[in-house]
Amino acid sequence: MQTNLADFIRDTPVGNEADEILRKCVHCGFCTATCPTYQLLGDELDSPRGRIYLIKQVLEGKRPTRKTQLHLDRCLTCRACETTCPSGVRYGRLADIGREIVEQQVERSLVDAAARRGLGWVLPHPSRFSPLLKLGQSVRPLMPGAIRQKIPRRQRARAWPAARHSRRMLVLDGCVQPAIAPDINASAAAVLDRLGISLVNVPAQVCCGAVSYHLSNPEAALDFMRRNIDAWWPHVEGGAEAIVITATGCAVMVKEYGELLADDSIYAEKAARISAMTRDLAQVIAAEDASPLRNGDDTRVAFHSPCTLQHGQKLAGVVEGILKGAGFVLTPVPDAHLCCGSAGTYSILQQDLSTRLLKNKVTALEAGNPQVIATANIGCLAHLQTGASLPVVHWIQLLADRDTGSAP
Ligand code: SF4
Ligand code: SF4
C-alpha cells in the first residue's frame with residue numbers, strides 16, 4: 001500500500017514503524033473473513049482492512065472524528081486478522097499506534113471518559129479492586145439475576161507448596177486474578193511442584209500494564225512494566241529460570257516489554273531479557289515430561305483458546321495437546337478462532353457486541369456436550385462464567401485437581 005505520512009509523524013520511530021506495517025497491507029481483504037466485528041456488523045469500517053484504512057488516513061493528516069474512534073474502539077484487538085493475513089501485517093501494533101494518536105486528537109464524551117478513567121483507576125490496583133469485589137460478593141445474593149451473574153463467586157485457593165526444588169521459576173501475580181481466582185496460580189504451583197519446579201511469587205510485583213496500555217494510557221503502562229522489572233530483577237540474577245504467566249493476556253504484554261521499552265536507556269536491556277525469559281504456563285508444561293500428570297480420568301472438556309493464546313502468542317493447540325496427553329477428552333468447538341467478547345475492558349465498554357460474542361461462544365463450547373469448560377485467561381474465564389451453564393475453570397486447575405499420587 002502506498003503511503004504519504006503527515007509531517008507530525010513522518011521520520012519518527014513510531015511513524016517509521018507504522019509506515020512499514022501499512023506498506024505490507026495489499027488490501028486483499030482475506031482478514032475480513034475471520035474478524036468477529038465484521039461478522040457481526042457487516043461494515044467495512046469494522047473490519048481489519050477498513051480500520052487499517054482509517055489509521056492510514058489519520059497518519060496522513062486527516063483529522064479523526066468520534067466515528068473514527070468508535071470503529072477503533074469496537075475492535076477487540078483479538079488479532080485473528082493477523083493469524084489470517086498472508087502478508088504478515090502486524091495489525092495489533094498498528095491499532096495501538098492509531099488509537100494513541102486518535103486519543104490525543106478526539107475528545108471523548110464525559111461518560112465515556114469517566115468510565116475509562118474509572119477502569120484505569122480500579123482494575124490494575126489489587127488494593128482498590130479487591131475490596132470492591134469483596135463488597136460485591138457480600139451483597140451478591142441480594143442482587144437481581146442479571147447483576148448477580150456478573151459478580152464472580154468467592155474462591156478459595158489450595159495450599160501453595162513449599163519451595164523445595166532447586167529449579168525455580170517466578171510467577172506473575174497479576175491485578176484482578178488474585179481477587180477473582182486465587183486458585184489458578186496456586187494450581188500452577190501445585191502442578192509444577194509435581195514436575196520438580198518451585199514457583200515463586202514475588203511480593204513487590206504489580207499489574208503487567210495491559211489494562212492501562214489498552215485504555216490508551218501508555219505512560220501508566222510503562223510505569224507498571226518498570227516496577228515489575230525492578231521486582232523480578234534480583235530473582236532473575238539469583239537464578240530463576242523463567243517468568244511464568246498463567247493469564248494469556250498478561251503473557252502477551254510481558255513478552256512485549258522488550259519492544260515497548262526499547263528506547264528507555266535505563267530499562268531497555270533488562271526489559272529485553274525479561275521478555276526473552278517469559279513463558280506462558282502452557283509452554284512451561286509442554287516442555288517438561290508431563291507423564292506424572294496422567295491418570296485414567298476421561299472428563300469431557302471444551303477448551304476455549306483465548307485470542308491472546310492462539311493469535312497473540314501463536315500457541316494454538318498447545319493446551320489442547322497437554323490436556324489430551326493427560327487423558328482428558330476434548331469436545332469439538334466450532335469457530336474456535338473467534339473471540340469470546342471479553343477482550344480486557346471490552347466487555348464493560350462495548351457491552352452489546354461483547355454479549356453477542358459471548359452467546360455465540362457459549363453455544364459453540366457447549367455444542368459437544370462437555371462436562372466442563374476450560375480456558376487460559378482470567379478475563380475470558382470471568383466472562384464465560386457469566387453466560388455458561390457449565391463450570392468454567394482454568395485448564396491448570398483440571399490438572400491440579402487430579403489425584404495422580406505422583407509427587408516426586
Ligand atoms: S491486513 Fe493482510 S489480509 Fe487484511 S487486507 Fe491487509 S494484506 Fe490483506
Ligand atoms: S483485532 Fe480482531 S476485531 Fe480487531 S480488526 Fe482484527 S480481527 Fe477484527
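Where does R79 lie in this protein? R79 sits in the loop between helix 4 and helix 5. We will come back to this residue after a look at the whole chain. Keep in mind that this is a predicted model.

## The overall picture

The protein is built from 23 helices and eight strands. If you follow the C-alpha trace along its principal axes, the spans are about 65 × 50 × 45 Å. A compact globule of 408 residues would have a radius of gyration near 22 Å, and this protein has 21 Å, so the value agrees with that expectation.

How much of the chain is buried? Buried residues make up 53% of the 408 residues. The accessible surface comes to about 18000 Å², and carbon and sulfur atoms hold 53% of that area.

## Charges and salt bridges

The protein carries 45 positive and 40 negative side chains, and the centres of these two sets lie 5 Å apart. The count of salt bridges comes to 21.

| Positive residue | Negative residue | N to O distance |
| R90 | E17 | 3.7 Å |
| R79 | E82 | 3.2 Å |
| R90 | E259 | 2.8 Å |

E259 is in helix 15 (residues 257-260) and R90 is in the loop between helix 5 and helix 6, so here the parts tied together are 169 residues apart in sequence. Salt bridges link E17, R90, R93 and E259 in a network.

Are R90 and E259 buried, exposed or partly exposed? R90 counts as partly exposed because its relative accessibility is 36%. E259 is partly exposed too, with a relative accessible area of 40%.

## Back to R79

The salt bridge between R79 and E82 can be compared with that picture. R79 has a relative accessible area of 18%, so it falls under the 20% cut-off and is buried. E82 has a relative accessibility of 14% and therefore counts as buried as well.

The backbone of R79 has something to show you too. Its phi is positive, about 65 degrees, although R79 is not a glycine. K314 is another residue other than glycine with a positive phi, near 55 degrees. K314 lies in the loop between helix 18 (307-312) and helix 19 (318-325). With 48% relative accessibility, K314 counts as partly exposed.

Which residues of helix 4 (residues 66-73) are buried? They are T68, Q69, H71, L72 and D73. Among the parts that cover the buried residues of helix 4 are helix 3 (48-59), helix 6, helix 7 (110-122) and helix 20 (346-349). A general rule is handy when you look at any such helix: an α-helix has 3.6 residues a turn, so residues three or four places apart point the same way.

Helix 14 (residues 248-255) is mostly covered, with six of its eight residues buried. These buried residues are T248, C250, A251, V252, M253 and V254.

## A meeting near the start of the chain

What does E60 touch, leaving aside residues up to four places away in sequence? E60 touches Q2, T3, N4, L5 and A6. E60 itself is found in the loop between helix 3 and helix 4. The C-alpha atoms of E60 and N4 are 5.9 Å apart in space, although the two residues are 56 residues apart in sequence. E60 counts as partly exposed, at 29% relative accessibility.

Key
Residues are numbered from 1 along each chain as its sequence is written. Chains are lettered from A and ligands numbered from 1 in the order in which they are written. This is a predicted model: local features need pLDDT of at least 70, side-chain atom pairs count only at pLDDT 80 or more; totals for chains, interfaces and linings use all residues. Side-chain values use heavy atoms; hydrogens and water are left out. Helices (H or I, at least four residues) and strands (E, at least two) are DSSP runs, numbered from the N terminus. The radius of gyration is taken over C-alpha atoms; the globule rule is 2.2 Å times the number of residues to the power 0.38. Buried means under 20% relative accessible area, exposed over 50%, partly exposed in between (1.4 Å probe, protein chains only). Accessible areas come from the Shrake-Rupley method with a 1.4 Å probe; for residues, only the protein chains shown count as cover. Lys and Arg count as positive and Asp and Glu as negative; His and the chain ends are not counted. The place of a charge is taken as NZ of Lys, CZ of Arg, CG of Asp or CD of Glu. A salt bridge is a side-chain nitrogen of Lys or Arg within 4 Å of a carboxyl oxygen of Asp or Glu. Contact means heavy atoms within 4.5 Å.
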